[in-house]
Amino acid sequence: MKKQECVAMLLAGGEGSRLRPLTRYMAKPAVHFGAKYRMIDFALSNCRNSGIGTIGVLTQYKPAVLHAHIGSGDVWQVEGAGSGGSGISVLERQAGAPNAYKGTADAVYQNLAYLQEHNPSYVLILSGDHIYNMDYRTMLEHHQATGADATISVIPVKWEETSRFGIVSVDEQHRITAFAEKPFKPASNLASMGIYIFNWEFLKSCLEQDADHPASSHDFGHDIIPGLLAAGAHVSAYPFEGYWKDVGTIESLWESHMDLLGYNPRLQMNQEAWPVLTAKRNFPRSQVALDARVNNAEIGDGVSVYGNVSHSVLFDGVKVGKHSRVLNSVIMPGVQIGEHALILNAIIGEGSIIKDGAIVGKPGNPGITVVGEKSVIGRHYPASIPATLTGTRLNFV
């Protein structure tokens, strides 16, 4: 792939309402992941590792944390890019403003001038809140070989999860014959990963036509892709083989963290040939007391463990006090857990305080208990969960 052959547009303005209370102060792509990263690090690292030197990051909802994390973008700069890439550009809109992005397609449409400035042959469109390692060069080669106008990366999902995704049907040549956004009765279990490659001039024409359509919601899944198929455009499916997770719910966030653990984890990060990069952090080395126990855990920097941690992920700056137990849980940065506390099947939001003797989660209850950011949980936390979301396994504190 030539360095300016393909420009990436990374959609990072999502509100992430299904991840609340973790997205109360930040956009969904800024949510912490994997002990020391944020979700957006995966797409940015994939671009860097794939040799894509020009990336437009489109932000909107509560972008301050995301902007601070990306900074100058030097961490993800393609090595030796030179004049072949312009690095990362943050393309911001304010939620609620008159020119706020109306949908994923409108977000790209409002930045056509940015794309025109670089005038690539191809445009790669990504989401900033998916967890996966992918070489976009292979997808581009597939796109070029099929002669498609647009290519969608696809992956099989569980049949019971198909209503969360755009579902495609394909022929023997990988050409997409049908597309249904979040169908009630799916025709297949082949899901769109929200990763698209378009021929640049073709994309420009599609977005301009969509912008003039008053009934459109200006979304790739709802409007652009179905419209292309209805018009007879050549839309190809690129079958992806590997780990991929759309972390759109609390359950999927918890599950993807559990996928990091074990002797043969489903999700493997920081492989030598494909590193996941993140902004520089200033924390001391972690320490585990002589009488503490840590089993099958992923631990960030500056962590202090004096109790027992099992099958859990602990982020930077977490402290676990003496005789406390953390099991099957995700503990976000800066959480302070006192002594004789129990954390079970939980996600604890950043900066929270779990006091001595507190219990978060109920033994025998398969639900995931979620504690919002900067919360304080005392010893007399009620035995009954204060709010349960009907039809799910989520408990909110």
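Biologist: What makes the sulfur of Cys206 too far for a bond with the closest cysteine sulfur?

Modeller: Distance. In this predicted model, the closest cysteine sulfur sits in Cys6, 16 Å away. A disulfide needs the two sulfur atoms within 2.5 Å, so at 16 Å the sulfur of Cys206 is too far for a bond.

Biologist: What about Cys47: how far away is the nearest cysteine sulfur?

Modeller: The nearest one belongs to Cys6, at 8.2 Å. The cut-off is 2.5 Å, so Cys47 is in no disulfide. The count for the structure is 0 disulfides.

Biologist: How do you know whether Cys47 is buried or exposed?

Modeller: Buried means under 20% relative accessible area. Cys47 has 0%, so Cys47 counts as buried. Cys206 has 11% and is therefore buried as well.

Biologist: And Asp246, buried or exposed?

Modeller: Relative accessibility is 15% for Asp246. The limit is 20%, so Asp246 counts as buried. Asp246 lies in strand S13, residues 244–246. Beyond its sequence neighbours up to four places away, Asp246 touches Lys28, Asp129, His130, Arg164, Phe165 and Ser252.

Biologist: Which elements supply at least two residues each to the lining of the largest pocket?

Modeller: S13 is one of them, with helix H3 (104–109), strand S10 (176–181), strand S11 (190–199) and H7. S11 gives the largest share, 4 residues. The pocket holds about 1,100 Å³ of space. It has 40 lining residues, and those closest to its centre are Lys28, Thr104, Ser127, Asp129 and Asp219.

Biologist: What makes Asp219 a cap for H7?

Modeller: A side-chain oxygen of Asp219 lies 2.9 Å from the backbone nitrogen of Gly221, at the N-terminal end of H7. A polar contact needs the atoms within 3.5 Å, so 2.9 Å passes that distance limit. Helix H7 spans residues 220–230, and its buried residues include Ile224, Ile225, Leu228 and Leu229. After H7 comes Gly232, with a positive phi near 85°.

Biologist: Why are strand S15 and strand S27 said to stand at the edges?

Modeller: The open sheet has 5 strands in the order S15-S18-S21-S24-S27, with parallel pairing. S15 (293–295) and S27 (359–360) each have a single partner strand, so one side of each has no neighbour in the sheet.

Biologist: How do you know that S15 and strand S18 pair?

Modeller: Pairing takes at least two bridges. S15 and S18 (residues 308–310) have 3 bridges, in the parallel sense, so the two strands pair. Within S18, Asn308 stands opposite Arg293.

Definitions and conventions. Residues numbered from 1 in each chain as written. Predicted model: local features only at pLDDT ≥ 70, side-chain atom pairs only at ≥ 80, totals over all residues. Heavy atoms only, no water. Buried < 20%, exposed > 50% of the residue type's maximum accessible area, 1.4 Å probe, protein only. Contact = heavy atoms within 4.5 Å. Polar contact = N/O pair within 3.5 Å; in protein donor to acceptor, adjacent residues only side chain to side chain. 1 Å grid on protein atoms, 1.4 Å probe; cavity = no way out; pocket = protein on both sides within 12 Å on 5 of 7 lines; lining within 4 Å. Points joined across faces, edges and corners; volume = space filled by probe spheres on them.
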